[in-house]
Amino acid sequence: MLKVMLVDDEPYIVEGLKVLIDWEKENFEIVKVAENGIEALDYLRENTVDLIIADIRMPLMTGLELLEKIKEEAVSDAYFVILSGYNDFQYARESMRLGCMDYLLKPIKKDELVSILRKISALSKENTILEKHHKETETAYLQRHLIALIVGRYDELNLDYLEKNMRLSEGVRYVIIELPEIDDLETTEGSLMQYRREMNEAAMQILGDDNNHLIYDVSLNHSVYDTGFIYCDYMAEDKDMDDFEFLLDLSNRLKASLKRNVRILSGKKVPDISQVSKSYSSACILKSQEVFHEVRPVVIYEREMSINPNKATLFKKSLDDLVKAIEQSDDEEIKRCVDVFYSDISKAGLGDSVSLNMNYLLFQLIHIATELDDELDQEEILHRISESSFDEGIKRGSGKHMYKFATEYAQYLNQLRKNVSGGILKDVENEIKERYNENLSLKKLSEKYFINCSYLGSLFTKKYGVSFKDYLTDYRINEAAKLLLNTNDKIVDISVAVGYKNSDYFIRRFIEIKGMTPSQYRRQKKNNL
């Protein structure tokens, strides 16, 4: 319902307006009746309305004076309609100059009033759509600046924009929010995106004014559908909480809203937003290690990495043997070393020793990979480790899981040694060109071409400078742009034609890449032809 305020000092005029038409049928609701401009202005300073219908002559403040005051103080952007019993062009001209939408003579005719209301309703719907698209464009632009800082490739322009458009403070963390239980969902890209969208919408509602601290599609890992969150110390301070209490409260509220468990992994705290990339890297490390723990609702880097030297033990010998077996791709020796390691660590107790031992193991594995290919960076390898670690149906923290993880990493190292030529990448590129409108995934292509999925992802990113997912998205959007210019097809049909069943998701991706909606793009480009 659009809200209406009537402003007139003659009660019979007001009562006549109320019964002249069926306001509810036209989707309007009269929320306030004011006897003069001063009363109306006072109301507008505390309340919002969509339409003001005001008499031109009233005591204390006339309709024209009210309109002028509204513009001067910017207290309302409501549509304004002037009523008058005087058929005087001067009144009409002055009211239009001040931004009045229309000018009606008393006695008001029903058809004229209905016509104006329907015009306002149509304009309101159009403005709502434009505001939505404008907000989506602004969000996409803000997130581009955020991603630049998160990956550590930013300049002062990025930093300045974020400082002007976000509430920030000292004490910043990069936080991963994810839903760990997805085995009952379809695993298509569309269903996973819908799954994450529900989580995002719930998080946006909970965070309120701070919801622009949520960020999507940061991960280099094509199979990751989590959400990032830039935490600042003021958020907990405003609620008289500490970091852990705030994140646990967020997790509990998300769980209550979604009826599902939520996992929150918080990177280490850094002084300010300019250093958020360090927090992001530490959050990735936490994610890689989480596979060796039972599921916990909130994990904070500092808590996880604080080792009690009196209780924690590093089983260097068994881990060094395991690393050597992985490097040699010896499955039998890997199995033996895993059994020895779990025998050692079970005697000490997992709680205090797991982080120390997993840190050591991951460091050694990262070192081997970078020795084989010096262009790989630590963050990328952590993503690959995380990808192979989180596998459906494997019990967390078990020897069986460790063995599977170790053998898969051995295969990954073998792929690095083979240094696959660019021929496979050319085949993958052709697959995208020929089948971009299908449900393509790097995993399916890796199976088709008999290559490790993680290593194929590394090669692809290295050659093209973007992940497989981003490359596919760019290609789809560029093909959509061609269809927008060369056909008169509907947006929803073009969305399906380039591989997006969900047209809303297609529009969001189009805005992120082209900076405008598909309809705006079509109009602008055709007007320039």
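In which loop does K259 lie? K259 lies in the loop between α9 (243-258) and β9 (263-266); helices (H or I, at least four residues) and strands (E, at least two) are DSSP runs, numbered from the N terminus. This is a predicted model, in which local features need pLDDT of at least 70 and side-chain atom pairs count only at pLDDT 80 or more, while totals for chains, interfaces and linings use all residues. Residues are numbered from 1 along each chain as its sequence is written, and side-chain values use heavy atoms, with hydrogens and water left out.

K259 is not a glycine, yet has a positive phi of about 60°. K259 is exposed, with a relative accessible area of 71%. Here buried means under 20% relative accessible area, exposed over 50%, and partly exposed in between (1.4 Å probe, protein chains only). N27 also has a positive phi, of about 70°, although N27 is not a glycine. N27 is found in the loop between α1 (11-20) and β2, and is partly exposed at 33%.

Next comes a sheet. Strands of a sheet pair through backbone hydrogen bonds, either parallel or antiparallel. Five strands make an open sheet in the order β2-β1-β3-β4-β5, with parallel pairing; two strands pair if DSSP finds at least two bridges between them. At the edges are β2 (28-34) and β5 (102-105), each pairing on one side only. Strands β3 (residues 51-55) and β4 (residues 79-84) are joined in the parallel sense by five bridges, and A54 has I82 in β4 as its bridge partner. Helix α3 (residues 63-73) packs on the sheet and touches β1 (2-7), β3 and β4, where contact means heavy atoms within 4.5 Å. The direction of α3 makes about 165° with that of β4; axes are lines fitted to C-alpha atoms, for helices over the stretch in contact, and angles run from 0 to 180 degrees between N-to-C directions.

The structure holds 14 aromatic pairs. Rings of Phe, Tyr and Trp (its six-membered ring) pair if their centres lie within 6.5 Å; planes under 30 degrees apart count as stacked, over 60 as edge-to-face and the rest as tilted. The rings of Y141 and Y161 are edge-to-face because their planes stand at 80°, with centres 5.0 Å apart. Y141 belongs to helix α5 (residues 110-150) and Y161 to helix α6 (residues 156-165).
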